[in-house]
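Visitor: I have the structure open and some time before my next run. Can we go through it?
Guide: Go ahead and ask.

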Amino acid sequence: MASGTSGWAERSETRFGQQRGFITIAGQKVSIDKPRVRYTDGRGEVELERYQLLQSPEALPQAALDHLVNGVSTRRYERVVQLARAGFGVKKSSVSRGFVRATAAQVAQLAERRFDDERFAVIFIDAQPYAGEMMVAALGITAAGEKRLLGLRQGATENATVVTSLLEELRERGVKTDEPTLFVLDGAKALHAAVLRVWGKFAVVQRCQVHKRRNVAAHLPEKHHDELHARLHAAYQEKNATQARTLLLATVKWLRPISPAAAASLEEGLDETLTVARLGVPELLRKTLATTNPIESAFSVAESVTRRVKRWRDGDMRQRWCVAGLLDAERRFNRIKGHKHMPQLISALDRITQTTSLDATRKHA
């Protein structure tokens, strides 16, 4: 007995019953019976370190983000939490605040990504209208064929200043602008001008063939659409770039008496729609790189994430939601089709830029 009494006297803390409290599990506040502990010397109650860690507010923002991105509105969130019967503190307002914190952190993380040790042989750039404003995104393809979201810029319109700002930022974050790079663009002049301004002679441009088809068809009476589709399909499926060009020029000639505007639309940037054929890459990779579909698919995911938003408050909100959607798409990315042929593409890019530089040197001489 004496020994037990001596042990009790040496304690610095002692239990003092319990009280209602909560911890955070999977983003949900769950009520528990929290043990109470007091100092034996009368200094008051002891703060329980593990209990404080389990109350971390960071768990709710991430869980709110995960649920909202996956289609659960803030109003329905409290109905689908894993421990709904015992949970509390998951009302709409707290979920919304958590989502704002989590998405703001994602925007900052995306803007701080470094790419110093990466080689991006291909960069897709696309601009999409997003809740009344324009979002310009860049998607890089590594030498191994992996997709990486590089950056995002928000602007009132798609213009060269906005795109140039994005590309200059990527250069500052380690994306190499002194190595041959294939840019797959939708044909917008602002994108084209910005790419040449930042990458210069190392930029090789592929115009999106799908956008080109749409633009030409928009100038043509509907009764001629089937013929146009057949002609363009034959040209763009042709492996030989010279033969493909011959087919496109024949289509321009066919279009002129029907619609001079359609003919002019096809003729504008015609050679750049055949860049991947000119590079001589195998068919599967050529099809992947002939359109902006990979980045448009990512934007489609972002749009599906935001379809439940009823009221846009400010530009910051648009950017946060768009980044959340694009990063959700990135988590599902697979390597591009034809990725095994990426070494052939890189070799072809090196050759074509060296030839261009040599031709330029001869002209100046």
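Visitor: Which residues are buried in α6?
Guide: In α6, A160, V162, V163, T164, L166, L167, E169 and L170 are buried. Buried means under 20% relative accessible area, exposed over 50%, and partly exposed in between, with a 1.4 Å probe and protein chains only. Helices (H or I, at least four residues) and strands (E, at least two) are DSSP runs, numbered from the N terminus.

Visitor: Where does the model come from, and how are residues numbered?
Guide: It is a predicted model, in which local features need pLDDT of at least 70 and side-chain atom pairs count only at pLDDT 80 or more, while totals for chains, interfaces and linings use all residues. Residues are numbered from 1 along each chain as its sequence is written, and side-chain values use heavy atoms, with hydrogens and water left out.

Visitor: Back to α6. What span should it have, and what does it have?
Guide: Helix α6 covers residues 160-172, and at 1.5 Å a residue its 13 residues should span 18 Å. The expected span is 1.5 Å times one less than the number of residues. The end C-alpha atoms of α6 are 18 Å apart, which agrees.

Visitor: What follows α6?
Guide: G174 follows α6, and its phi is positive, near 105°.

Visitor: Change of topic. How many aromatic pairs are there?
Guide: A search of the whole structure finds two. Rings of Phe, Tyr and Trp (its six-membered ring) pair if their centres lie within 6.5 Å; planes under 30 degrees apart count as stacked, over 60 as edge-to-face and the rest as tilted. F115 and F120 have ring centres 5.5 Å apart and planes at 80°, so the pair is edge-to-face.

Visitor: Are F115 and F120 buried or exposed?
Guide: F115 counts as buried at 5% relative accessibility, and F120 is buried with a relative accessible area of 5%.

Visitor: And what about F183 and W199?
Guide: F183 and W199 form an edge-to-face pair, 4.8 Å centre to centre with 75° between the planes. This pair links distant parts of the chain, with F183 in strand β6 (residues 181-185) and W199 in helix α7 (residues 189-199), 16 residues apart. Both F183 and W199 are buried.

Visitor: Now charges. How many salt bridges?
Guide: The search of the whole structure finds 16. A salt bridge is a side-chain nitrogen of Lys or Arg within 4 Å of a carboxyl oxygen of Asp or Glu. One of them joins the side chains of E118 and R148, at 2.6 Å, N to O. E118 is in the loop between α5 (92-111) and β3 (120-130), and R148 is in strand β5 (residues 147-155), 30 residues apart.

Visitor: What else forms a salt bridge with R148?
Guide: E146 does, with the closest N and O atoms 3.3 Å apart. As for accessibility, E118 counts as partly exposed at 24%, R148 is partly exposed at 26%, and E146 counts as partly exposed at 32%.

Visitor: How far apart are D328 and R331 in helix α15?
Guide: They are three residues apart in α15 (residues 315-331), so about one helical turn separates D328 and R331. An α-helix has 3.6 residues a turn, so residues three or four places apart point the same way. The side chains of D328 and R331 meet in a salt bridge of 3.2 Å, N to O.

Visitor: Buried or exposed, those two?
Guide: D328 counts as buried at 5% relative accessibility, whereas R331 counts as exposed at 52%. Elsewhere, salt bridges that share partners join R207, K212, E268 and E272 into one network.

Visitor: Last one. Where is Q354, and how far is Q354 from P180?
Guide: Q354 is in helix α16 (residues 342-364) and counts as exposed at 55% relative accessibility. Q354 and P180 are 174 residues apart in sequence and 9.1 Å apart in space, C-alpha to C-alpha.
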